[in-house]
Amino acid sequence: MRERTFWMITIMLLIWAALFLVAANAMRSHAQNPLAQHAARNKPLATAEHDEKDELGSTRDAVSYDPHNGRLIVMGFVGGFVNRNDPCHPEAQLAAELRRRYSSSVYAEVFGNHHREAAHRQVMQWLDTDGDGILTTDEKQRARIIIYGHSWGASETVALARELEHRKIPVLLTRQVDSIGKPGEHEV
């Protein structure tokens with residue numbers, strides 16, 4: 001139990017570090033955008049999504065925060081024959097805690113280790129910000145993904161990361177705890 005608690009704390013710290021990096025990157029890109037600076041200086045944040053008129057009176061879209069831009073995706077896989085929603089398991093507890101604390105900046109979901117295809121589809125849906133069913137290069141480059149898993153779920157972590165890499169979708173971090181290769185799969 002102590003070892004499991006240690007790994008849970010380690011995973012949580014790594015995810016918080018990734019959240020910090022995503023936030024710092026978003027602030028840096030906002031600071032480098034003169035239009036965003038102008039909008040931030042001249043307009044309250046609560047009304048940033050409304051149109052504003054420029055000096056000539058023509059309407060243009062105001063710069064607004066896009067929740068999909070830079071939103072961290074955290075995918076977890078449970079081990080063995082564990083139910084993905086079982087609140088007794090750290091994998092589910094971690095996702096629930098991330099959703100509770102960072103609901104506006106993180107997508108966090110847990111899947112069973114036999115449901116990698118469902119996890120893959122979910123990642124693709126979250127990344128497809130325009131909803132056209134096709135991921136553009138820009139949508140792929142904005143991806144911020146962390147994948148973690150325990151036991152057989154660790155095996156799925158590696159497999160999903162490889163699938164995403166094959167599609168040229170970057171994965172920031174993978175964390176595997178007590179990796180065990182699933183029967184019929186290559187060793188992790």
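Is Pro-90 buried or exposed in this structure? Pro-90 counts as buried, because its relative accessibility is 11%, where buried means under 20% relative accessible area, exposed means over 50%, and partly exposed is in between (1.4 Å probe, protein chains only). You are looking at a predicted model, in which local features need pLDDT of at least 70 and side-chain atom pairs count only at pLDDT 80 or more, while totals for chains, interfaces and linings use all residues. Residues are numbered from 1 along each chain as its sequence is written, and side-chain values use heavy atoms, with hydrogens and water left out.

**The overall layout**

- The protein chain has six helices and six strands; helices (H or I, at least four residues) and strands (E, at least two) are DSSP runs, numbered from the N terminus.
- If you follow the protein chain along its sequence, the pattern reads α-α-β-β-β-α-β-α-α-β-α-β.
- Of the 188 residues in the protein chain, 39% are buried.
- Take the contacts between residues at least 6 apart in sequence: 70% of them join residues at least 24 apart. Here, contact means heavy atoms within 4.5 Å.

**Where helices H4 and H6 meet**

- Helix H4 covers residues 116-127 and helix H6 covers residues 152-166; their axes come within 10 Å and cross at roughly 45°. Axes are lines fitted to C-alpha atoms, for helices over the stretch in contact, and angles run from 0 to 180 degrees between N-to-C directions.
- H4 and H6 are therefore oblique to each other. Angles under 35 degrees count as roughly parallel, over 145 as roughly antiparallel, 65 to 115 as roughly perpendicular, and the rest as oblique.
- The crossing of H4 and H6 is right-handed: a crossing gets this name if the near helix is turned clockwise from the far one by less than a right angle, and is left-handed if anticlockwise.
- On the H4 side, the contact is made by Arg-116, Ala-119, His-120 and Val-123, and on the H6 side by Glu-156, Ala-159, Leu-160, Glu-163 and Leu-164.
- Sorted by class, this contact of H4 with H6 has five nonpolar, one polar and three charged residues. Ala, Val, Leu, Ile, Met, Phe, Trp, Tyr, Cys and Pro count as nonpolar, Asp, Glu, Lys and Arg as charged, and the others, Gly among them, as polar.
- His-120 is found in helix H4 and counts as buried at 11% relative accessibility.
- Leaving aside residues up to four places away in sequence, His-120 touches Leu-160, Glu-163, Leu-164 and Arg-167.

**Salt bridges**

- A salt bridge is a side-chain nitrogen of Lys or Arg within 4 Å of a carboxyl oxygen of Asp or Glu, and by this rule the count comes to seven salt bridges.
- Arg-116 forms a salt bridge with Glu-156, with the closest N and O atoms 3.0 Å apart. Arg-116 lies in helix H4 and Glu-156 in helix H6, so this pair ties together parts that are 40 residues apart in sequence.
- Arg-116 counts as buried at 15% relative accessibility, and Glu-156 is buried too, with a relative accessible area of 2%.
- Arg-116 also forms a salt bridge with Glu-117, where the closest N and O atoms are 3.9 Å apart; Glu-117 is partly exposed, at 47%.
- Arg-116, Glu-117, Glu-156 and Glu-163 are linked in a network of salt bridges.
- In helix H3 (residues 90-102), Arg-100 and Glu-97 lie three residues apart, about one turn of the helix, and their side chains meet in a salt bridge (2.8 Å, N to O).
- Arg-100 is exposed, with a relative accessible area of 58%, whereas Glu-97 is partly exposed at 21%.

- Pro-90 has its place in helix H3. Pro-90 and His-150 are 60 residues apart in sequence, and their C-alpha atoms are 9.3 Å apart in space.
- Val-110 is found in strand S4 (residues 106-111) and counts as buried at 4% relative accessibility.
- The C-alpha atoms of Val-110 and Arg-84 are separated by 5.8 Å, and the two residues are 26 residues apart along the chain.
- Not counting residues up to four places away in sequence, Val-110 touches Gly-76, Val-78, Arg-84, Glu-91, Ala-92, Ala-95 and Tyr-148.
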